[in-house]
Amino acid sequence: MAFWNTQGKDPKRNFRFKVMISGLQSGGEDMVWWAKKANKPNFTVAESKHSYLNHTYYWPGRVEWQTINITFVDPVDISGEQDGTVQRLNELFQASGYRPPDQATDAQLKTQSKQKATNGLISVQLVQLDAEGNSVETWVLHNPFIKKITFGELDYENDDLTQIEVEFRYDYAICGTAEGQNAFFDAGAIT
């Protein structure tokens, strides 16, 4: 018998998660997106080194958070009540200030900025769930913006769902755990 069963615990499972994005398409409210795969945030710590005689000593330096990739499925809503993932991502990207060349007039020359990008894409959250659907771990990206969108590929010999891969850049991430547990990078628990 596995050790977690004897202690009444269940291990976290990779397939139990949801991606929640707040932004202009949902009026600032959290909206669950159809995600197939997502990287959790990660970081590296730079180092400084000092050599002295026959020894080398190291000091920790700056923390740099790495980009994450989220793979979305692009559903078609035949009811017309919701827009597809492509349209929502395009709206978020345009909210950051991007305009195609044929839409940029002399009277409306807009460019991208961090403020526009983070205002349009208010929050990105990766929520890991337990078997009952309760949150056990929530990563919140701070000041996220879209760095890259890959709209997938079309192939007559492929029956897979259409996928869109989005790379997000952010300043830092905070991870909260379920209420009553210790939280990593967080002064309080996220419920």
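**Salt bridges, pair by pair**

Author: Let's start with Glu 137, which is buried, with a relative accessible area of 8%. Keep in mind that this is a predicted model. The side chain of Glu 137 meets that of Lys 12 in a salt bridge, at 2.4 Å from N to O. That pair links distant parts of the chain: Lys 12 sits in the loop between α1 (3-6) and β1 (17-23), while Glu 137 belongs to strand β8 (residues 135-142), 125 residues apart.

Next comes Lys 114, whose salt bridge with Asp 171 has its closest N and O atoms 2.7 Å apart. Lys 114 is in helix α3 (residues 114-120) and Asp 171 is in the loop between β10 (163-169) and β11 (172-177), so this pair ties together parts 57 residues apart in sequence. Lys 114 is partly exposed at 42% relative accessible area, and Asp 171 is partly exposed too, at 34%. Back with Glu 137, there's a network: salt bridges with shared partners join Lys 12, Lys 40 and Glu 137.

Then there's Arg 16, which pairs with Asp 10 through their side chains, at 3.4 Å from N to O. Asp 10, at 48% relative accessibility, counts as partly exposed. Overall, the count comes to four salt bridges.

Notes:
Residues numbered from 1 in each chain as written. Predicted model: local features only at pLDDT ≥ 70, side-chain atom pairs only at ≥ 80, totals over all residues. Heavy atoms only, no water. Buried < 20%, exposed > 50% of the residue type's maximum accessible area, 1.4 Å probe, protein only. Helix = DSSP H or I, 4+ residues; strand = E, 2+ residues; numbered from the N terminus.
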